[in-house]
Amino acid sequence: MGEMSLGAAVACLGAAVWLLGGRNSGARRAQLLLAGGGAVGAGPPEWRQTAQELGRLRERLRAEWWAPVLGLVVAVLGSSVLPIVAGAAGVPVLRRVRLAREARRARERRGDTVIALCGALAGEVRAGRQPGEALLLAARDSGGLGEAQAAVLAAARFGGDVPGALALAARQPGAEGLSGLAACWRVAVDQGAGLAAGLDRLEGALRVERDQRADLRAQLAGARSTVVMLAGLPVLGLLLGAAMGAEPLRVLLHTGAGIGCLAVGGVLEGLGMWWALRIVRGAEAT
């Protein structure tokens, strides 16, 4: 029974690692090999359909739902329900982390599209187009207005309050540069200043700010890696103990002292990760 449980646990862990090893990498490899794109030749249609079904399954399954799966594996190995409870408790935490990561990526993409919008608009104005027409063309090409694009385009097409619409669009996370575009538009229309020159300066400033954030993130990558490595040390200790025959899961899950050490260690581990990530985020915010 022990060998069967260990084999099942290893199989589950291997499946989890394969599914979490990249968003589409495994599915793409399977599709290439099974659909005739690899070196082994074309595969049967049912194999290609199976690969597509696996890809769709991976899209539906979020990373946080693998916490109960890993908890179940540890529960089988340790013959205890505590890992299942811990895995279920980790689902909301991991979901929050995933949503924060997706929000950060969306914010960065929106900032890039705002920079592209400023460059495209400056090019259209230099080509001799009127500001309203230039904004319509540039917004369609870059898509940098996000959810407020319809309101801004309507204001530009029918002579509405374009700076006001741009200011509202700037409230989206990552689209703060649109407030500068609104200011350039207001100055150019009211005082006859050059819109293209202002847009060039705005685009340059936004690019510099984006590059500074990227450079800071690269400098903090080492600190983040250290946090991840320190978080994985307890797992490494458990594996080493199991390899030495000390049976750490039995001690931690079936003895009073072990459960106490597990609770205290989990709290300290969580506090340490929270404090380290707080330091990193504080540096990013600064």
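Let's start at arginine 98, which sits in helix H5 of this predicted model. Is arginine 98 buried or exposed? With a relative accessibility of 11%, arginine 98 counts as buried, because the cut-off for buried is under 20%. Setting aside its neighbours within four places in sequence, arginine 98 is in contact with Arg62 and Glu64.

Now step back and take in the whole chain. Of its 286 residues, 28% count as buried. Look too at the contacts between residues at least 6 apart in sequence: 55% of them join residues at least 24 apart.

Next, follow the chain to the loop between helix H4 (66–78) and H5, where you'll find serine 80. Serine 80 is buried, with a relative accessible area of 13%. What does the side chain of serine 80 reach? It reaches the backbone nitrogen of leucine 82, at 3.2 Å. Not counting residues up to four places away in sequence, serine 80 also touches Ala75, Leu253 and His254.

Time to look at the largest nonpolar core. This core has 33 residues, and those that touch the most other members are Leu121, Leu135, Val162, Leu178, Leu181 and Leu195. Where does the core get its residues? Helix H5 (82–126), helix H6 (131–142), helix H7 (149–157), H8, helix H9 (177–191) and helix H10 (195–219) each supply at least two. H5 gives the most, with seven residues.

Leaving out residues up to four places away in sequence, valine 162 touches Leu135, Ala155, Ala156 and Trp185. Valine 162 also belongs to helix H8 (residues 162–169), where Val162, Pro163, Ala165, Leu166 and Ala169 are buried. If you look down the axis of H8, these buried residues fall within an arc of 160°, so they line one face of the helix. The general idea is that an α-helix has 3.6 residues a turn, so residues three or four places apart point the same way.

Serine 142 is another spot worth a visit, and you'll find it in helix H6. Apart from its neighbours within four places in sequence, serine 142 is in contact with Thr113, Ala116 and Leu117. Serine 142 and cysteine 118 are 24 residues apart in sequence, yet their C-alpha atoms are 9.2 Å apart in space.

That brings us to the cysteines. A disulfide is a covalent bond between the sulfur atoms of two cysteines. How many disulfides does this model have? With a cut-off of 2.5 Å between the sulfurs, the count comes to zero. Take cysteine 118: the closest cysteine sulfur, in cysteine 184, is 7.6 Å from its own, which is too far for a bond. Cysteine 118 counts as buried at 0% relative accessibility, whereas cysteine 261 is exposed, with a relative accessible area of 54%.

Finally, let's check the annotated stretches. In an unreviewed entry, UniProt gives the annotation "transmembrane region" to residues 65–94, 227–246 and 252–277. What does the model show there? Residues 227–246 are 85% helix and 0% strand, with end C-alpha atoms 27 Å apart. For residues 252–277 the span is 96% helix and 0% strand, and the end C-alpha atoms lie 27 Å apart.

Glutamate 247 lies in the loop between helix H11 (221–243) and helix H12 (248–254). Its phi is near 55°, a positive value in a residue other than glycine. At 45% relative accessibility, glutamate 247 counts as partly exposed. Our last stop is methionine 273, in helix H13 (residues 256–285). Methionine 273 is partly exposed too, with a relative accessible area of 31%. Methionine 273 is 45 residues from valine 228 in sequence, but the two are 8.4 Å apart in space, C-alpha to C-alpha.

Definitions and conventions: Residues numbered from 1 in each chain as written. Predicted model: local features only at pLDDT ≥ 70, side-chain atom pairs only at ≥ 80, totals over all residues. Heavy atoms only, no water. Buried < 20%, exposed > 50% of the residue type's maximum accessible area, 1.4 Å probe, protein only. Helix = DSSP H or I, 4+ residues; strand = E, 2+ residues; numbered from the N terminus. Arc of directions from axis to C-beta. UniProt positions renumbered as here; feature names shortened; annotations may be inferred. Core = buried A, V, L, I, M, F, W, Y, C linked by side-chain atoms within 4.5 Å. Contact = heavy atoms within 4.5 Å. Polar contact = N/O pair within 3.5 Å; in protein donor to acceptor, adjacent residues only side chain to side chain.
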